[in-house]
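Me: Here is a predicted model. Let's go through the fold and the contact between chains.

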Number of protein chains: 2
Amino acid sequence: MARTPRNTLNAELIVRTALRLMESKGTDAFSLRGVAAELGVGPMALYTYFRNKDELYDAVRDHLMSLLPGVPADVPWPDQVRSVCRSLRLLMLQHPCLAQLLSGRPLSGHETARVAEGLLGVLRSAGFGPEQAARTHTTLFTYVLGSTSWEIQMAAERRDPEAWRRLRATMESLSAREFPSVVELAPELARTTGGDEQFDYGLDLLLAGLRTPS
Amino acid sequence: MARTPRNTLNAELIVRTALRLMESKGTDAFSLRGVAAELGVGPMALYTYFRNKDELYDAVRDHLMSLLPGVPADVPWPDQVRSVCRSLRLLMLQHPCLAQLLSGRPLSGHETARVAEGLLGVLRSAGFGPEQAARTHTTLFTYVLGSTSWEIQMAAERRDPEAWRRLRATMESLSAREFPSVVELAPELARTTGGDEQFDYGLDLLLAGLRTPS
DNA sequence: ACCTGAACACCGTTCAAGT
DNA sequence: ACCTGAACACCGTTCAAGT
């Protein structure tokens with residue numbers, strides 16, 4: 001093995017490699033040693049650029065959030081809100097690890113600054129007061145986070161034939177006495193556990209609530 | 001060390017011990033070996049009751065979800081919906097690991113059956129059609145999941161003085177040119193990242209949307 | 001500064017064995 | 001069946017060292 005020459009590593013390269021491994025092997029299977037091996041260096045080489053694994057997680061999350069597109073101008077504010085929310089959802093769907101990085105880990109503080117700025121700017125321009133703008137932003141953001149996390153988990157289940165079979169079997173074995181509505185609405189539930197339509201349904205519900213006098 | 005006598009172990013005891021460790025040492029720090037040590041047995045003793053770590057995770061999650069209270073009768077349906085959603089949020093706040101167990105792991109299929117049954121029953125009785133009931137249920141559930149996950153993460157940040165200091169510093173260092181609205185509304189954002197009021201604000205937004213003609 | 005290599009204290013899990 | 005003990009293939013991270 002030729003010794004790795006100097007300065008072949010840098011933070012961005014490590015982040016890109018980490019991201020690639022997370023998306024191919026799953027967020028949990030990801031390891032520092034795996035990234036190092038992929039880069040052809042010893043595990044300790046990464047510690048020059050990140051103090052520990054958490055810092056690398058943070059860097060991956062920040063990098064992904066930086067990919068968020070801006071807010072479209074020249075459209076009514078509800079469409080601007082829709083655009084920001086849909087963009088965040090799409091980013092999470094394209095990078096499933098992002099959901100876990102956002103909801104299950106310590107926060108650095110600026111990872112949501114861009115989506116917050118987008119939503120708050122739109123809401124303030126639409127005439128919302130400071131408090132209501134802040135509350136509405138948090139509501140919208142957490143709705144996107146929850147619905148998309150759930151959607152991703154369900155999609156993962158669907159991809160694994162064994163897991164999907166088990167899940168269907170469990171649903172079908174539910175007692176019709178104990179869970180009459182779940183059993184009756186099983187087909188509808190299966191259709192509404194993800195997808196653009198379901199996401200927009202909830203989003204429109206929130207927007208409809210916003211337009212009623214408060 | 002006296003040898004552990006036979007039949008001292010059982011699935012429920014293991015689940016309770018695992019839950020206790022998860023809540024004291026954090027969901028991530030939790031380990032099979034830790035549970036075994038706490039119970040005074042070798043790591044392999046647990047494999048008699050659970051095929052692997054994932055099965056133990058599932059058992060803990062199912063146990064927690066079984067603690068959900070029922071739906072109150074004799075109140076208007078919007079209050080019934082509020083009750084189910086608030087109960088789920090409270091359960092997640094009391095057991096912070098539940099959020100991660102629900103959103104970041106494979107699903108067995110019946111963990112959400114009770115909350116689904118509660119919501120679907122209420123919505124169907126209120127006159128919603130099958131499709132709209134299913135869509136509304138998924139919207140409500142994922143809102144609770146997302147908002148409470150976020151709230152838990154923020155609360156964890158607040159408890160750790162070092163993390164909280166870093167987060168405040170990051171927020172204050174945000175450029176007022178790049179993020180004018182975030183900087184301007186920083187106090188409001190800090191106040192609306194959790195709490196009963198914030199949760200109810202989003203919940204009422206959804207309920208308000210539901211009452212407009214669809 | 002940038003990277004290596006050995007070492008430490010952990011993991012989950014398999015396997016063979018005991019009762 | 002219920003539990004043990006040794007072993008395997010992993011982890012993240014520290015430490016001392018090389019350039």
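Me: In what order do the elements of chain A run from the N terminus on?
Reply: Chain A has zero strands. Its helices number eleven. From the N terminus on, the order is therefore α-α-α-α-α-α-α-α-α-α-α.

Me: What is the radius of gyration of chain A, and what does the globule rule give?
Reply: For 214 residues the globule rule gives 17 Å. Chain A is well over that, so it is more spread out than a compact globule. Its C-alpha atoms fill a box of roughly 65 × 50 × 25 Å along the principal axes. The rule gives 17 Å; the radius of gyration is 21 Å.

Me: What share of the 214 residues in chain A is buried?
Reply: Buried here means under 20% relative accessible area. Chain A still exposes about 10,300 Å², with 52% from carbon and sulfur atoms. The buried share is 50%.

Me: How far apart are the mean positions of the positive and negative charges of chain A?
Reply: Chain A carries 24 positive and 25 negative charges.

Me: Which residues of chain B lose the most area to chain A?
Reply: The two chains bury about 5,600 Å² between them. Carbon and sulfur atoms give 64% of that area. On the chain B side, three residues together account for 14% of what is buried. They are B:Leu107, B:Arg135 and B:Trp150.

Conventions
Residues are numbered from 1 along each chain as its sequence is written. Chains are lettered from A and ligands numbered from 1 in the order in which they are written. This is a predicted model: local features need pLDDT of at least 70, side-chain atom pairs count only at pLDDT 80 or more; totals for chains, interfaces and linings use all residues. Side-chain values use heavy atoms; hydrogens and water are left out. Helices (H or I, at least four residues) and strands (E, at least two) are DSSP runs, numbered from the N terminus. The radius of gyration is taken over C-alpha atoms; the globule rule is 2.2 Å times the number of residues to the power 0.38. Buried means under 20% relative accessible area, exposed over 50%, partly exposed in between (1.4 Å probe, protein chains only). Accessible areas come from the Shrake-Rupley method with a 1.4 Å probe; for residues, only the protein chains shown count as cover. Lys and Arg count as positive and Asp and Glu as negative; His and the chain ends are not counted. The place of a charge is taken as NZ of Lys, CZ of Arg, CG of Asp or CD of Glu. Buried area is the accessible area (1.4 Å probe) that two parts lose on being put together, summed over both.
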